[in-house]
Amino acid sequence: MSDASLIDELPGELMMWVLIVSELLVFGAGLAAFMAVRLTDPAGFAEAQSHLYQTGAALNTVVLVTSGYLAAQALALRNAAKRLHARAALIAAAALGVVFLIIKGVEYADKAAQGISFDTHPFFMFYYLLTGFHAAHVAAGVGILALVAWRDHPRNIEAGAQFWHMVDLIWILLFPVIYLLG
């Protein structure tokens with residue numbers, strides 16, 4: 001019989017799991033508030049949503065999922081003693097994070113050109129808060145992946161990939177709620 005606790009069985013670092021759970025709770029609360037306010041003005045939210053660039057958001061989904069795959073592969077490569085390949089996968093994952101931010105920046109610039117801001121409609125307040133907070137996490141994740149590519153111990157790669165998968169998961173939740181639900 002094993003004396004290991006459930007916490008000991010978790011892959012990766014415990015404090016990274018604490019961060020992930022806390023971030024998921026924050027984004028979950030934001031999405032719940034978004035959905036609650038949406039109930040008060042479904043037509044207004046649908047009209048506001050029609051100004052979003054769904055194709056760009058779908059492309060960003062592919063970019064982040066691909067990046068997450070590369071981050072996961074980096075750990076497998078490092079464990080297989082393919083250090084150079086692991087570093088390349090981490091750098092490619094970080095580069096795709098930058099691509100995500102560029103696409104998001106183009107979307108924000110387009111909204112600004114249309115005169116759409118936080119106070120245009122409650123939809124856009126939530127849109128900017130949720131996607132902006134997520135973009136900040138993407139930027140942090142890009143830095144983490146770059147740092148982990150430099151200090152590429154398997155435990156570091158695992159922790160960096162944990163954070164990056166959280167970023168992926170949050171986008172997978174944000175994308176359909178903000179861009180697709182009508």
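Is V65 buried, exposed or partly exposed? V65 is partly exposed, as its relative accessible area is 44% (buried is under 20%, exposed over 50%, partly exposed in between, with a 1.4 Å probe and protein chains only).

1. A word on the basis. This is a predicted model, where local features need pLDDT of at least 70, side-chain atom pairs count only at pLDDT 80 or more, and totals for chains, interfaces and linings use all residues. Residues are numbered from 1 along each chain as its sequence is written, and side-chain values use heavy atoms, without hydrogens and water.

2. Helix α7 (residues 154-180) gives the largest share, three residues. Helices here are DSSP runs of H or I, at least four residues, numbered from the N terminus.

3. Aromatic pairs. There are 17 of them (ring centres within 6.5 Å; planes under 30 degrees apart are stacked, over 60 edge-to-face, the rest tilted). F27 and F133 are stacked because their ring centres are 5.0 Å apart and their planes at 25°. This pair links helix α2 (residues 14-40) to helix α6 (residues 122-150), 106 residues apart. F27 is buried at 3% relative accessible area, whereas F133 is partly exposed at 36%.

4. F175 and Y179 are tilted, with 5.9 Å between centres and 35° between planes. Both lie in helix α7, four residues apart, about one turn of the helix, and both are buried.

Notes: Helices (H or I, at least four residues) and strands (E, at least two) are DSSP runs, numbered from the N terminus. Rings of Phe, Tyr and Trp (its six-membered ring) pair if their centres lie within 6.5 Å; planes under 30 degrees apart count as stacked, over 60 as edge-to-face and the rest as tilted.
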